[in-house]
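Please open the structure in the viewer and keep the selection panel at hand. The tour begins at a single side chain and then widens step by step.

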Protein chains: 2
Amino acid sequence: MTDAHSLDTAAAGPSQPASAVFFLSDSTGVTAETLGNSLLTQFPDHRFQRHTVPFIASVEEAENVVQDINTVALTDKRPIIFSTVVNPAIRALLSRSNGHFIDLLGSHTAQLEDALQTTASPEPGRAHGLGDAIRYQSRIAAVEYAIEHDDGQSIRALDRAELILIAPSRCGKTPTMMYLALQHGVLAANFPLIDEDFTSQTLPEPLRPFVSKCFGLTFLPARLSQIRQERRPGSNYASLSQCSWELRNAQDLYAMHGIPYVNSASMSVEEISATILQRMNLSS
Amino acid sequence: MTDAHSLDTAAAGPSQPASAVFFLSDSTGVTAETLGNSLLTQFPDHRFQRHTVPFIASVEEAENVVQDINTVALTDKRPIIFSTVVNPAIRALLSRSNGHFIDLLGSHTAQLEDALQTTASPEPGRAHGLGDAIRYQSRIAAVEYAIEHDDGQSIRALDRAELILIAPSRCGKTPTMMYLALQHGVLAANFPLIDEDFTSQTLPEPLRPFVSKCFGLTFLPARLSQIRQERRPGSNYASLSQCSWELRNAQDLYAMHGIPYVNSASMSVEEISATILQRMNLSS
């Protein structure tokens, strides 16, 4: 399986052998991995050995994949196969391997044809390719904007921002901004809040015209202190008292200026981002 | 529908009214959007008005969503609903709206239960939450590493990189690196190739110990020139002759040092990333 990238996840399961899982696609495999992994999380006691095989474009390549699957099936449990393959000939071939073939597109396509009263015209690569060029370019432009506007580095073209994330240092502004840019094409900047903002209870001067674009993050003081300790061990910056003071004042500042905020301590970037899109009414 | 973020996609369809599409989730909605949008790309002649409603956590919230859906259904075609809701009571309630309810988890969960000979223990938020803390932390660390190592800015800890993207300026290194970091936790750096690298046909000095981690990008000269013109109109940097010369020499350099590469001109970051993961045998 030289053409697959694989990953062994040591989940909860103790001594049980890992089940082999194949994500098969005639495109990137992003959709197969996303839904497949969502489904696998419903079996937290199982361990899975994952293999992604993207860009299966020919019958010959498909036959090689079937051979790989059948080899695994010989010595191991029957592998699980998540497929988003669109090409009917390739899909039919893959479905005849010795694995459990789960077609993530097929059945739903029929449901959609029924709902839309029309026939699907499937073609691989539309979902994560360059199909919608305008939307794609906006995502790339948003990544560039995000890099320029990380951590208050630039105030150029702040009026173009759709979102300005604010928070004390190390609360998760940067990865959240980057996710919103890359996945949703949101033009986002982020700005650190510092001692003088807290004592004056005012927003950093460049942000004041844009208060309606601001969204705040808070965090747990003890966790923040721990994270800062890794960067600057023993510093006042990393002390629990400083972290508590900053977070308390940040929250007061958000409240005083009517800025929506969320405590990001127990949230993933996906969860923080979904919350921000919803609360700020930003389309993706 | 104040609590949904929505998006009108003007696809190919000319005068046909857009069909309303709801992505419903008791978590982020990422999985519902990913598979739902993949399915919708199979109907390129249709226009869709998308609404994502994440974090549907109570029967009351579900009832509000059903009301929104039914309101749309009154004046418009029956909306299409993509659901990854895990909670059985909420899912049952949502499925009784006047939309076409497509349950993206249910049927496949049964297939998986069959394959794994066990019962699913569903719980919302596992797929895009903080469930796998180690994997999550590695993604966040990779974003930080990527920002530090964008565009050759730092050569600190280059030995820790799993991937070093190289290319002439403006070939797509930065968004690709960022995607690999954020989605796959790949520790990636990127380095611009400049005139002296091309004339000497050697790698930038700091990269020489790490040639096996290098992956190159090429591009179409005319497109590259166009992109550079936007940044520096009329410059030699943006001229077609300079772009052609750089790309030709970059390709020679990759070939001479045995560095795998891909022409990124007609590929999305998802496609470039999937190609790199596969070719460099990087696990995600």
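**First selection: one leucine**

Select A:L93, which counts as buried because its relative accessibility is 14%; buried means under 20% relative accessible area, exposed over 50% and partly exposed in between, with a 1.4 Å probe and protein chains only. The model is a predicted one, in which local features need pLDDT of at least 70, side-chain atom pairs count only at pLDDT 80 or more, and totals for chains, interfaces and linings use all residues. Residues are numbered from 1 along each chain as its sequence is written, chains are lettered from A and ligands numbered from 1 in the order in which they are written, and side-chain values use heavy atoms, with hydrogens and water left out.

Now show the surroundings of A:L93. Leaving aside residues up to four places away in sequence, A:L93 touches A:V59, A:A62, A:E63 and A:V66; contact means heavy atoms within 4.5 Å.

Helices (H or I, at least four residues) and strands (E, at least two) are DSSP runs, numbered from the N terminus.

How many of its 11 residues are buried? The count is 10, and the helix is thus described as mostly covered. Among the buried residues of α1(A) are A:V30, A:L35, A:L39 and A:L40.

Colour chain A by secondary structure to find 10 helices and 9 strands. Its C-alpha trace spans about 70 × 50 × 30 Å along the principal axes. Of the 284 residues in chain A, 56% are buried. Among its contacts with a separation of 6 or more, 72% join residues 24 or more positions apart.

Side chains of chain A may then be coloured by charge: 21 are positive and 30 negative, and the centres of the two sets lie 5 Å apart. Here Lys and Arg count as positive and Asp and Glu as negative, without His and the chain ends; each charge is placed at NZ of Lys, CZ of Arg, CG of Asp or CD of Glu.

**Final selection: both chains**

A rotation of 180° with 0.0 Å of shift along its axis superposes chain B on chain A, at an RMSD of 0.0 Å. That is the relation of a two-fold axis. The superposition is by least squares on the C-alpha atoms of residues with pLDDT of at least 70 in both copies. The copies meet through the same surface, because 100% of the interface residues of chain B are also interface residues in chain A.
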